[in-house]
Amino acid sequence: KENKTLKKLKLGNCGLQPEGLEEVIKGVQVNTKLETLDLSDYTIDNKSASCLGMMLTENKTLMEVELLGCGLQPEGLEEVIKGVQVNTKLETLDLSENTIDNK
């Protein structure tokens, strides 16, 4: 969270457990340089999605977030969208390869 030079963080499919993923998200929340975050191929449960949504409301530098194949559920997706609605910097949110069922 205190890194002053890192602009892109790609953690796709590297096996973090939900607790570790939430810690990464909390670090990104206050980071002031990161522009790209790739969390593709994780299973993002509703709690992690809630953390992600909160991060998106507070982070002011992220321009791109990749969440390909994360198994987002409708409830978790709602949390992410809440963050996107407030974020004024984000240009790209990739949710491809998720089967988002609205049942």
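Biologist: Which distance does α2 reach from its first C-alpha to its last?
Modeller: In this predicted model, helix α2 has 13 residues, for which 18 Å is expected at 1.5 Å a residue.

Biologist: How many Å apart are the end C-alpha atoms of α1?
Modeller: Helix α1 also has a stated length, of 13 residues, and at 1.5 Å a residue these should span 18 Å. The computed distance between the end C-alpha atoms agrees with this, and the value is 19 Å.

Biologist: Where in the protein chain is confidence highest?
Modeller: The protein chain averages a pLDDT of 90, and 96% of the residues score at least 70. Confidence is lowest in helix α1, residues 18-30, with a mean of 90. The element with the highest confidence, at 97, covers residues 64-66 and is strand β3.

Biologist: Is α1 roughly parallel or roughly antiparallel to α2?
Modeller: The axes of the two helices, α1 and α2, come within 9 Å and cross at roughly 5°. Because angles under 35 degrees count as roughly parallel, α1 and α2 are described as roughly parallel.

Biologist: Which residues in α2 do the residues of α1 meet?
Modeller: On the side of α1, the residues that take part are P18, L21, E22, I25, V28 and Q29. By class, the contact of α1 with α2 has eight nonpolar, two polar and three charged residues. The partners in α2 are K47, S48, C51, L52, M54, M55 and E58.

Biologist: Why does C51 count as buried?
Modeller: C51 lies in helix α2, and, leaving aside neighbours within four places in sequence, C51 is in contact with E22 and I25. C51 and I25 are 26 residues apart in sequence, yet their C-alpha atoms are 6.8 Å apart in space. Buried means under 20% relative accessible area, and C51 counts as buried because its relative accessibility is 17%.

Biologist: What covers the buried residues of α1?
Modeller: The buried residues of this helix, α1, are L21, E22, I25, G27, V28 and Q29. Among these, L21, E22, I25, V28 and Q29 are also named in the contact with α2. What covers the buried residues of α1 includes β1, β2 and α2.

Biologist: What covers the buried residues of α2?
Modeller: In α2, the buried residues are S48, A49, C51, L52, G53, M55 and L56. Their cover includes elements of both kinds, strands and helices, namely α1, β2, β3 and α3.

Biologist: At what angle do the axes of α2 and α3 cross?
Modeller: The axes of α2 and α3 come within 7 Å, and α2 is roughly parallel to α3. In this contact, N46, A49, S50, L52, G53, L56 and T57 in α2 meet E75, G76, E79, V80, K82, G83, V84 and V86 in α3. By class, the contact of α2 with α3 has six nonpolar, six polar and three charged residues. The axes of α2 and α3 cross at roughly 5°.

Biologist: Is T61 buried or exposed?
Modeller: T61 lies in the loop between α2 and β3. Not counting residues up to four places away in sequence, T61 touches N31, T32, K33, L34, E35 and K89. With a relative accessible area of 17%, T61 is buried.

Biologist: Is N13 buried or exposed?
Modeller: N13 lies in the loop between β1 and α1, and although N13 is a residue other than glycine, its phi is positive, near 55°. At 57% relative accessibility, which is to be set against a cut-off of over 50%, N13 counts as exposed.

Biologist: What is the phi of D41?
Modeller: D41 lies in the loop between β2 and α2, and its relative accessible area of 43% makes D41 partly exposed. D41 is not a glycine, although its phi is positive, and the value is about 65°.

Biologist: What distance separates the C-alpha atoms of G15 and D38?
Modeller: G15 lies in the loop between β1 and α1, and G15 is exposed, with a relative accessible area of 52%. Along the chain, G15 and D38 are 23 residues apart, and their C-alpha atoms are separated by 13 Å.

Terms used:
Residues numbered from 1 in each chain as written. Predicted model: local features only at pLDDT ≥ 70, side-chain atom pairs only at ≥ 80, totals over all residues. Heavy atoms only, no water. pLDDT = per-residue confidence, 0-100. Helix = DSSP H or I, 4+ residues; strand = E, 2+ residues; numbered from the N terminus. Buried < 20%, exposed > 50% of the residue type's maximum accessible area, 1.4 Å probe, protein only. Contact = heavy atoms within 4.5 Å. Expected span 1.5 Å × (residues − 1). Axes fitted to C-alpha atoms, helices over the stretch in contact; angles between N-to-C directions. Parallel < 35°, antiparallel > 145°, perpendicular 65-115°, else oblique. Nonpolar A, V, L, I, M, F, W, Y, C, P; charged D, E, K, R; others polar.
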